[in-house]
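Subject: Structure for your review

Dear colleague,

Please find below the structure that I am handing over to you. My notes on what was found in it follow directly after.

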Amino acid sequence: MKIKVLCRNPDEYLRETKRDIHKVPRNYDPSLHPFEAAREYTRALNATKLERVFAKPFVGSLDGHKDGVHCLSKHPTSLSLVLSGSYDGEIRIWNLPKRSCVRSISGHAGYVRGLCFHPNGNYFFSCGDDKTIKQWNMGTEDSVVEEPVNTILGKTIFHSMDHHWKENMFATCGQLVDVWDESRAEPVRSFSWGVDSIGSIKFNPTETHLLGATGSDRSIMLYDMRGSAPLRKVILKLRSNTIAWNPMEAFIFTAASEDYNLYTFDMRRLDMPLNIHMDHVSAVLDVDYSPTGKEFVSGSYDKTIRIFEVEKGRSREVYHTKRMQRVMCVKWSLDNKYLLSGSDEMNIRVWKARAAEKLGVLKPREREAFQYSDKIKEKFAHHPQVKRIARHRHVPKMIYNASKELKTIKASKKRKEANRRAHSKPGSVPHVPERKKPVVSEFE
């Protein structure tokens, strides 16, 4: 004899306390939910609209400099400290949570060209137009250390500097690329490759003995600190202002160019960039990668900051304000949440990396709701309505008109080339891939 017994577990339907939400049983069989896709589409559309409503990226500004901000440097171990150097030679140490200046140092006569921390964060270096490299102790908030610990007098003006990620060594660039030991007053090694001046230099964070530099002859050069000669060089159609190495992929770097674009290269094959990132309407002055290596931020002469995904050619976000002038330097914070930008009108601005992100501690239900909306936005991302709302950005009239003009110029060039090809002997006007156009030559 068979007896069927109904078994009900109270844990499945009873609340533990009065403040808990009621547990609702749900059958996930798709045949019982014929309108699920339509409901989810509406939710995705609403989530995309709400994201644009809550997109308020500006967090705050740090003002106090008496001249334009030329360079920024992140503290390697503390999220709350940042260094800035300005055109009048002043160096300031900022406390980001308090948005206040901890210390102000009169560092150099003329521009502060470069700033870099030692990997332990106890001291930092600066270089300037007065041909000096100075070492400064961090000290505490109430201590006033006005004098540098060490001063090195160089033979020429230094344009930029960067510290080795592990060892007590740093590199500077000007007329030459010099590698210095902290304990010596003369460079350990000097590199030159027939260039008038070198504008910026960066150590590779993964392969720490590798250096990348940009020259005034439109070149990007690669050096190995252990060797006696430069490794490779690629010459582009226009000059590159700076480069940034991808912290997760040792061979990948992105160059900020004067031709309004950014080029991502694989250092093993410099004859063609992996990707061209377009959207700026004026020269790109600085670039910095996020700690995840999936995105980077760029600052431009057109007074905007743009965030690009590494694999995509167009920016996912553009930040601008009425007051912000030419953006000279940008940094991505080490917790992957904030961006810092220094501009000509003496301000350092703090932005969110994701414009609509809610700051502060999230409750579990809030976090789940955000994760759900992210997933359904991802699911319906290619639907025309969702795509249109997610992509739309209001930009200043100047940028809108300039981008329209650039579009017209590009279409005109394309049409001209097609006409020339149509009225020429077959094969005499070859098809050149868009990615090969910016590279002029490569040397090893």
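Ser-100 counts as partly exposed, because its relative accessibility is 29%, and a residue must be under 20% to be buried or over 50% to be exposed. Please bear in mind that this is a predicted model. Ser-100 is placed in strand β5, which covers residues 100-106. If neighbours up to four places away in sequence are left aside, Ser-100 touches Ile-93, Trp-94 and Asn-95. Ser-100 and Ile-21 are 79 residues apart in sequence, and their C-alpha atoms are 43 Å apart in space.

Arg-99 is found in the loop between β4 (90-95) and β5. Arg-99 is not a glycine, yet it has a positive phi of about 55°. Most residues other than glycine have a negative phi. With a relative accessibility of 43%, Arg-99 counts as partly exposed. Tyr-260, which is not a glycine either, has a positive phi of about 75°. Tyr-260 lies in the loop between β19 (252-257) and β20 (262-266), and its relative accessible area of 31% makes it partly exposed.

Trp-136 belongs to strand β8, residues 132-137. Is Trp-136 buried or exposed? Its relative accessibility is 1%, so Trp-136 counts as buried. Not counting residues up to four places away in sequence, Trp-136 touches a list of residues that includes Ile-91, Ile-105, Tyr-123, Phe-124, Pro-148 and Val-149. Between Trp-136 and Gly-299 there are 163 residues in sequence and 28 Å in space, C-alpha to C-alpha.

Val-318 lies in strand β25, residues 315-319, and it counts as buried at 8% relative accessibility. Its contacts, again without residues up to four places away in sequence, are Thr-304, Ile-305, Arg-306, Arg-393 and Val-395. Val-318 and one of these, Ile-305, are 13 residues apart in sequence and 5.7 Å apart in space, from C-alpha to C-alpha.

I turn next to the helices.

Two packed helices are described by the angle between their axes and the distance between the axes. Helix α1 (residues 36-53) and helix α2 (residues 364-379) have axes that come within 9 Å and cross at roughly 110°. An angle of 65 to 115 degrees counts as roughly perpendicular, and α1 is therefore roughly perpendicular to α2. On the α1 side, the residues that meet α2 are Glu-40, Arg-43, Ala-44, Ala-47, Thr-48 and Glu-51; their partners in α2 are Tyr-372, Ser-373, Ile-376, Lys-377 and Lys-379. Sorted by kind, the residues of this contact are four nonpolar, two polar and five charged.

Helix α2 has 16 residues and reaches 23 Å from its first C-alpha to its last, close to the 22 Å expected at 1.5 Å a residue. Which residues of α2 are buried? They are Ser-373, Ile-376 and Lys-377. These residues lie on the same side of α2, because they cover an arc of only 105° around the axis. An α-helix has 3.6 residues a turn, so residues three or four places apart point the same way. The buried residues of α2 pack against α1. The face of α2 turned away from the buried side carries the exposed residues Pro-364, Glu-368, Lys-375, Glu-378 and Lys-379.

Helix α1 also meets helix α3 (residues 384-391); the axes of α1 and α3 come within 9 Å and cross at roughly 10°. Angles under 35 degrees count as roughly parallel, and α1 and α3 are therefore roughly parallel to each other. In this contact, Tyr-41, Leu-45, Thr-48, Lys-49 and Arg-52 of α1 meet Gln-385, Val-386, Ile-389 and Ala-390 of α3. The contact of α1 with α3 is made up of five nonpolar, two polar and two charged residues.

Finally, some values for the chain as a whole. The chain has four helices and 29 strands. Of its 444 residues, 43% count as buried. Its C-alpha atoms fill a box of roughly 100 × 75 × 50 Å along the principal axes. Among contacts between residues at least 6 apart in sequence, 49% join residues at least 24 apart.

Yours sincerely,
A colleague

How values were computed: Residues are numbered from 1 along each chain as its sequence is written. This is a predicted model: local features need pLDDT of at least 70, side-chain atom pairs count only at pLDDT 80 or more; totals for chains, interfaces and linings use all residues. Side-chain values use heavy atoms; hydrogens and water are left out. Axes are lines fitted to C-alpha atoms, for helices over the stretch in contact, and angles run from 0 to 180 degrees between N-to-C directions. Helices (H or I, at least four residues) and strands (E, at least two) are DSSP runs, numbered from the N terminus. Angles under 35 degrees count as roughly parallel, over 145 as roughly antiparallel, 65 to 115 as roughly perpendicular and the rest as oblique. Contact means heavy atoms within 4.5 Å. Ala, Val, Leu, Ile, Met, Phe, Trp, Tyr, Cys and Pro count as nonpolar, Asp, Glu, Lys and Arg as charged, and the others, Gly among them, as polar. The expected span of a helix is 1.5 Å times one less than its number of residues. Buried means under 20% relative accessible area, exposed over 50%, partly exposed in between (1.4 Å probe, protein chains only). The arc is that of the directions from the helix axis to the C-beta atoms.
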